[in-house]
Amino acid sequence: KSGWTAGPKDEQVFVLGDEVLGDDEGRFESVDNSPTACECKGTTEEWIERMAKPAAASPLWSFGICAAFAAPLMERVNFRADGGWHFYGLSSAGKSLVLECAASVFGPHKYLKSWNLTDGAVELMGETYNGLPLCLDELGEASSPMVTRAVYALSDGRGRKRLDQKAKARRVRSWRLLTLSSGEISIEDKISERGKNL
């Protein structure tokens, strides 16, 4: 999975997308996981000119970029709490742009994901984006029960214990990440919709 792992001679390397940073001969291999949508286009200098400098005009855009850079550092500074931030407000207020700024650090627009998820997808994305920011847009696309379970799972850092068809324990997914989210209402209001629909 992505994130920090032991490389040759127990030195720490970082798996980013399908690339292993710190081990020129390392490669990403997984039975049931796909690499993140990380992708490099252009140069660092071009990213600074086209994204970082314009983002300096807004504290929120700058915050998105800082949060993206903070995610891989969590393990290196022994930061134990997973969590994240949710940006909400009226449509066209620029909430998704905060997530776009964060996503630009690691990839193109496809790095940004939708809240339209299943429980299994939450766990898969948690592990896939281990050590990275997970950017979830459009909270309104998810049901209240799904948001309740996803918020708990993503901040807990572990998937549910399950059995396979032969009643053997499946591997439990695990992750450490920061989540950035956006929607027209707060997470609390979305979760409270559950009571109204019962």
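Entry 1: I began with helix α1 (residues 44-55) and helix α2 (residues 59-73), whose axes come within 7 Å and cross at roughly 120 degrees. This is a predicted model, in which local features need pLDDT of at least 70 and side-chain atom pairs count only at pLDDT 80 or more, while totals for chains, interfaces and linings use all residues. Residues are numbered from 1 along each chain as its sequence is written, and side-chain values use heavy atoms, with hydrogens and water left out.

I noted what the terms mean. Helices (H or I, at least four residues) and strands (E, at least two) are DSSP runs, numbered from the N terminus. Axes are lines fitted to C-alpha atoms, for helices over the stretch in contact, and angles run from 0 to 180 degrees between N-to-C directions. Under 35 degrees counts as roughly parallel, over 145 as roughly antiparallel, 65 to 115 as roughly perpendicular, and the rest as oblique. So α1 and α2 are oblique to each other.

Which residues of α1 and α2 make the contact? I found W47, M51, A52, P54 and A55 on α1, and W61, S62, I65 and F69 on α2 (contact means heavy atoms within 4.5 Å). By class, the residues of this contact are 8 nonpolar, 1 polar and no charged. For the classes, Ala, Val, Leu, Ile, Met, Phe, Trp, Tyr, Cys and Pro count as nonpolar, Asp, Glu, Lys and Arg as charged, and the others, Gly among them, as polar.

**Entry 2: A52 on its own.** I stayed with A52, which is found in helix α1. Is A52 buried or partly exposed? A52 is partly exposed, with a relative accessible area of 23%; buried means under 20%, exposed over 50%, and partly exposed in between (1.4 Å probe, protein chains only). Not counting residues up to four places away in sequence, A52 touches W47 and I65. I also looked back to K1, 51 residues away along the chain, and the C-alpha atoms of A52 and K1 are separated by 28 Å.

**Entry 3: the largest pocket.** On a 1 Å grid over the protein atoms alone, a cavity is a set of points where a 1.4 Å probe fits but cannot get out, and a pocket is an open set with protein on both sides within 12 Å along at least five of seven lines; lining residues have an atom within 4 Å of a point. Grid points are joined across faces, edges and corners, and a volume is the space filled by probe spheres set on the points.

The largest pocket has a volume of about 790 Å³. Of its 27 lining residues, E39, C40, S104, V105 and G107 are the closest to its centre. At least two lining residues each come from β2 (12-16), β3 (19-21), α1, α2 and α3 (95-104).

**Entry 4: the cavity.** How many cavities of 30 Å³ or more does a search of the whole structure find? The search finds 1. The largest cavity has a volume of about 60 Å³, and its lining is G3, W4, A71, P72, M74, E75, N130, G131 and R176. Both β1 (3-6) and α2 supply at least two residues of that lining. I sorted the lining by class into 4 nonpolar, 3 polar and 2 charged.

**Entry 5: S182 and E138.** I then turned to S182, which lies in strand β7 (residues 178-183). S182 is buried, with a relative accessible area of 1%. Leaving aside neighbours within four places in sequence, S182 is in contact with several residues, including H86, W115 and E138. I followed E138 to the loop between β6 and α5. E138 is partly exposed at 37% relative accessible area, and E138 has a positive phi of about 65 degrees although it is not a glycine.

**Entry 6: helix α4.** In helix α4 (residues 119-128), I listed V122, E123, M125, G126, E127 and T128 as the buried residues. These buried residues pack against β5 (113-114), β6 (133-137) and α5 (144-156).

**Entry 7: E11.** My last stop was E11, in the loop between β1 and β2. At 48% relative accessibility, E11 counts as partly exposed. Apart from neighbours within four places in sequence, E11 is in contact with T5 and A6.
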